[in-house]
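Hi everyone, thanks for making time for this.

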Amino acid sequence: GATVPILRGDGADWEVRGAATVSVRALRFQVYIEKRLRMPATLIDEMTSTNAALEEGDGSSGVLSVSADASFISTSVLEFIGLGDLEVELWYDLEGNDPSSLTVSQRPTEPS
């Protein structure tokens, strides 16, 4: 999405467009806005999650839905209010997560 570069610590240019009706005394008129806005870099650091709960999983698609509370530190000038849903990707070693296989520390090492 459009916020990905910003949340990785890179600034980004956004195009802001809109219209509003402005009333001043008895006068009403439309104001149109079209402006390029430089969004500052916002590096999210030290992210932690708590209260994780498995919602649902789909083995055929590999999608796992989990709800959790998250907290993080950001030194940005932006203020985050009501972030809503956050989509993350989880990468793992399928063999390493197989309960029937040996754990990494238990696997025999090859002689050098």
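Okay, let's start with R38. At 53% relative accessibility, R38 counts as exposed, because the cut-off for exposed is over 50%. Keep in mind that we're looking at a predicted model here.

So what does R38 form a salt bridge with? The partner is D13, and the closest N and O atoms of the two are 3.3 Å apart. D13 sits in strand β1 and R38 in strand β2, 25 residues apart, so this pair links distant parts of the chain. D13 itself is partly exposed, at 42% relative accessibility.

How many salt bridges does the structure hold? There are two. In the other, the side chains of R36 and E15 meet, with an N to O distance of 3.9 Å. Here R36 belongs to strand β2 and E15 to strand β1, so the pair ties together parts that are 21 residues apart in sequence. As for exposure, R36 comes out at 54%, which counts as exposed, and E15 is partly exposed at 36%.

Now stay around R38 for a moment and find G11. You'll see G11 in the loop between α1, residues 4-7, and β1, residues 12-24. G11 and R38 are 27 residues apart along the chain, and their C-alpha atoms are separated by 7.0 Å. Which residues does G11 touch, if we don't count those up to four places away in sequence? They are R38, M39, P40 and A41.

Let's zoom out to the whole chain. What does the protein chain have in the way of helices and strands? One helix and four strands, and from the N terminus on they run α-β-β-β-β. Among the elements, α1 has the lowest mean pLDDT, at 71, while strand β2, residues 27-39, has the highest, at 91.

And how much of the chain is buried? Buried residues make up 4% of the 112 residues. The accessible surface comes to about 10100 Å², and 54% of that belongs to carbon and sulfur atoms. For contacts between residues at least 6 apart in sequence, 40% join residues at least 24 apart.

Next, the surface. There's a nonpolar patch made of V16, V24, L27, F29, V31, I33 and L37, with about 560 Å² of accessible area together. Which elements give two or more residues to the patch? Those are β1 and β2. The largest share, five residues, comes from β2. Let's pick out one member: L37 is found in strand β2, and at 36% relative accessibility L37 counts as partly exposed. While you look at the strands, here's a handy general point: in a regular strand the side chains alternate between the two faces of the sheet.

In general, most residues other than glycine have a negative phi. So which residues here have a positive phi without being glycine? One of them is R25, with phi near 55 degrees. R25 is in the loop between β1 and β2, and with a relative accessible area of 86% R25 is exposed. Another is N51, with a positive phi of about 55 degrees. N51, though, is found in strand β3, and at 58% relative accessibility N51 counts as exposed.

To wrap up, here are the things to find on your screen. Look for the two salt bridges, then the nonpolar patch, to which β2 gives five residues. Thanks, and I'm happy to take questions!

Terms used
Residues are numbered from 1 along each chain as its sequence is written. This is a predicted model: local features need pLDDT of at least 70, side-chain atom pairs count only at pLDDT 80 or more; totals for chains, interfaces and linings use all residues. Side-chain values use heavy atoms; hydrogens and water are left out. Contact means heavy atoms within 4.5 Å. pLDDT is the predictor's confidence in each residue, from 0 to 100. Patches are made of residues with over 30% relative accessible area and no salt bridge: like charges are joined within 9 Å, nonpolar side chains (Val, Leu, Ile, Met, Phe, Trp, Tyr) within 5 Å. Accessible areas come from the Shrake-Rupley method with a 1.4 Å probe; for residues, only the protein chains shown count as cover. A salt bridge is a side-chain nitrogen of Lys or Arg within 4 Å of a carboxyl oxygen of Asp or Glu. Buried means under 20% relative accessible area, exposed over 50%, partly exposed in between (1.4 Å probe, protein chains only).
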